[in-house]
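Welcome, and thank you for joining this tour.

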Amino acid sequence: MTVRSPHPPSAPAAAPDDAPEDAGGGPRWVTDPASPHPAAQTPMMRQYLDAKLQHPEAIVLFRMGDFYETFFQDAIDAAHLLELTLTSRNKADDAPIPMAGVPHHAAAAYIRRLLEAGRKVAVCEQVEDPREAKGLVRREVVRVVTPGLVLDDDVLESRSNNYLAALWRDAAHPEAGVGLAWVDASTGEVRGTQAPDLARALDELTRIDPAEVLVDRGDAAAVQAVRAALERAVLSATAAPTGEDDAVSSAAAMVTEYVAEMQKGGALPLRPLERQPLDGVMRLGPATVRNLELVRSLADGRRQGSLLALLDQTRTAMGGRLLKQWLLFPLLDVEAIRARHDAVAALVDDPRARALVREALAGVYDLERLVTRAVAGTAGPRDLMALAGSLERIPDLAATLAATGAPALTALAAALDPVPEASAAVRRALVDDPPATLKEGGVIREGCHPELDELLSIARDGKSWFNDYAARLREDSGIASLKIRYNNVFGYFIEVTKANLHHVPPTWLRKQTLANAERYYTPELKEREDKVLGADERRVALEQELFEAVRAEVAAHGARIQAAAGAIARLDALAGLAELAHRRGYVRPQIEDSLALRVEGGRHPVIESLLPAGEFVPNDVSFDASEAGAEGPRLVVITGPNMAGKSTVMRQVALIVVMAQMGSFVPADHAVVGLVDQVFTRVGASDDLARGRSTFMVEMTETASILTEATSRSLVVVDEIGRGTSTYDGVSIAWAVAEHLHDVTGARTLFATHYHELTELAATRPRVANMTIAVKEWKEDIIFLRRLVAGGANRSYGIQVARLAGLPTPVVARATEILANLEAVTLDRDSRPRLARGQRRTASSIWQLNLFANSPAPAEAPPAGPPDALTERLRAVDPDRLTPRAALDLVYELRALLARQEAS
Ligand code: ADP
Ligand code: MG
């Protein structure tokens, strides 16, 4: 059952047979093929309803001659989704059936649109030749195409896997973990992993980004959770698997059973389940993948503008898909990461080898998908040619790699198996430039099968044989006017005019008598006729047979070809990273098993690529400044005005870590990366607008998960926290979160905030460093220098930024005035950090609550002495409940009290 799709599923409603056709509701479903409802009465409609009842969740495309027709609610849906004209059947009847059809030759494009709309499509074909059918042609659903089970190249994205995933847990023992499995039917890849709980499983599912997710329909909570968490996927509820050992194999069983069911026995070659333990790869939660724009831009959700779009310099679809996997699943193993860096380095250092490799790769087609089609028996003639041509590139590739002498590359060369048996089989049998389909023949080359050669020569020599034979007969019989002719009814015959009948030899057999001529045939002519007429049909059938044999031969080497395809994908991904490093001047990062993180001259790869060369200002960030082992900062507070570049510099550090651990070189002059187990990002409300659903609650939920799940090996990026609430709330939460990250979590943390008060944290905590993005004040404006320097911003520059943004001058002036008032009122004599104070406060110390500690010197000294009106008033304040506006009012009130006090 499809429980989630843009349109309500077109499953038959349990409508009574006599359901009225009311104006608004449209025609109702007939659910029972045996129903007395007129709609079910024709044999063909019964056949249709049989198919529909087998696949209530899918739109059934019912083959009728040259069209696929849809009926009932399907027709209404299809007409809407595909912009078809809605007609009806049984018009004369009082129960017309809505109907909409598409021409069969254009079906692929329509199916694609239905899939894009999140629908499933059951293709119901005529399964016997209409010419041979007695009565109604037999029809059957031959396959069901669902968004997760697309094999059509026109629908598939070449540089992304198209996954069908399953999530399974034992509802009776949820603590036993959640199994995930995902399969790309177009490549045969099957992977699985186990998550500790549902929340983590959903995070991983989001990262896998399947087109369709299967959930046990008995597990309502899981169905609900998946539906809420996965925006892009279609959700299908299926039966629970039975008899599997663990959650992962249960999930894997769900996908494989579903594949078998939807393919109707047309087997898809799935590879063995490959388990991918969660702790073997860097954790990147959905928020981080999104905020860092790893595979999609925040602006419009497209690949364009993402890190992937920049990184992907691969030349093959396989390489592109693998690179995307590398990016989303960075490694945690120092040796494995270094192995990738070694290969990239070797290809960076050898421009000639790199160029040769990339040139050869450009001629390699999507072997993974081609070989899958060969094994599935759906590959056409051009698929096999593409496959052979691609395999034939491999020896050159291997030779180029071996010639470099670089160990990282010679190892790769060893894995490049050209599977010569497969390409030879194709070359031996297929013509050089075969047609796309087998329908017309012309696929198999001459000389590889004697019968086919004869059939080919018959077709080619047909005409001349009859001419030669006629000439021979003329000579033998002496009938000079004799002709051999052909018509559709009588086939080939010898035609003799009445005047010449006495020359006809007795061996000729009479076929037909005309007014002034007689028609004959001979056994020889008849034999030839049978041959010629049958030859075409036979030739196509034989070519089909021979082609299938070649395809089977290729399929027999399927596993080897898949392995070679995997090696090519790796090589392509590595060569692409090398090309990128070369073009953009990236360096090899030093990977260590430590808690260090030092980036010198770091750049944001995507923003840098959008700016004219040299305009991006590089920056240094270091979490372990000391070589001598002294402890460097673990929490860096970054302050600076809006638009200074805080978000950029933090993201660039995170991106450099992700790139380093996926095996890439990085945009920096020098980088040391101590393995990062997880990257967390929290992006404040106003920066998260692209999602359109950012609320203070979401912000806090995400913060909570960072605080509970980050480890000392993690990298935490907090970009503005606490903006979604009042100033007092916000600064308090920001402060406490920063303290916790520093004291308890110990993660390497970049903490950008517009609360410049947080710079005081450094005075109370040993491993906090303040950094700020330098700005230059010029007259009343500021100039962004984009340079990250030690120290804290002593003000927020909000008013200057507002001026830059074009706020009317009187408003800017008034804001300046108010700011001066605020700063004057709340100042205190000494400048020790006060926000960090604990709870024990004396009445007079409340005075010291100071939001703006780094502002210029106090204008007035606070009064001493016993509690007075001012103190009483302050004591009554609950800062957590103050809106900024109320706080401002309060300030005026306090000023007034103060003035009164001073006057008295
Ligand atoms: P903030 O987070 O401090 O408000 P952003 O990081 O969003 O500022 O940066 C604002 C803009 O400034 C960016 O979109 C980018 O165009 C530019 N920018 C930021 N950092 C740099 C840099 N190092 N070099 C050049 N331009 C930069
Ligand atoms: Mg920002």
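Let us begin with a term: a residue is buried if its relative accessible area is under 20%, exposed if it is over 50%, and partly exposed in between, using a 1.4 Å probe and protein chains only. By that rule, 51% of the 904 residues in the protein chain are buried.

Before you click on, note that this is a predicted model, in which local features need pLDDT of at least 70 and side-chain atom pairs count only at pLDDT 80 or more, while totals for chains, interfaces and linings use all residues. Residues are numbered from 1 along each chain as its sequence is written, chains are lettered from A and ligands numbered from 1 in the order in which they are written, and side-chain values use heavy atoms, with hydrogens and water left out.

**Stop 1: the whole chain**

Show the chain as a cartoon. The protein chain has 28 helices and 28 strands; these are DSSP runs numbered from the N terminus, with helices (H or I) of at least four residues and strands (E) of at least two. Switch to a surface view: the accessible surface comes to about 40,400 Å², and 53% of that belongs to carbon and sulfur atoms. Such areas come from the Shrake-Rupley method with a 1.4 Å probe, and for residues only the protein chains shown count as cover.

**Stop 2: helix H2**

Select residues 72-82, which form helix H2; eight of its 11 residues are buried. Among them are Phe72, Asp74 and Leu82. What covers the buried residues of H2? The cover includes helix H1 (43-54), strand E2 (58-64) and helix H3 (107-116), where contact means heavy atoms within 4.5 Å.

**Stop 3: helix H13**

Now select residues 381-391, helix H13, where 10 of the 11 residues are buried. Pro381, Met385 and Leu391 are among the buried ones. Elements covering them include helix H12 (367-376), helix H18 (523-556) and helix H19 (558-584).

**Stop 4: a hairpin**

Move to strand E17 (residues 509-513) and strand E18 (residues 517-521), which pair in the antiparallel sense over four bridges. Two strands count as paired if DSSP finds at least two bridges between them. Pick Arg510 and look across to its bridge partner in E18, Tyr520. A hairpin of three residues joins E17 to E18.

**Stop 5: ligand 1**

Select ligand 1 and the 13 residues around it; Val617, Met643, Lys646, Ser647 and Thr648 come nearest. A residue is near a molecule if one of its heavy atoms lies within 4 Å of it. Helix H21 (residues 646-662) gives the most to this shell, with three residues.

Which side chain has an N or O atom 2.6 Å from an oxygen atom of ligand 1? That is the side chain of Thr648. An oxygen atom of ligand 1 is also 2.8 Å from a polar backbone atom of Lys646. Taken alone, ligand 1 exposes 560 Å², and the protein buries 79% of that.

**Stop 6: Thr753**

Finish at Thr753, in the loop between strand E26 (748-752) and helix H24 (761-764). Is Thr753 buried or exposed? Thr753 is buried, with a relative accessible area of 0%. Its side chain reaches the backbone nitrogen of Tyr755 at 2.9 Å. Leaving aside neighbours within four places in sequence, the contacts of Thr753 include Val637, Glu720, Leu758 and Lys646, and Lys646 is one of the residues that come nearest to ligand 1.

Notes
A polar contact is a pair of N or O atoms within 3.5 Å; within protein, one must be able to donate a hydrogen and the other to accept it, and residues adjacent in sequence count only if both atoms are side-chain atoms.
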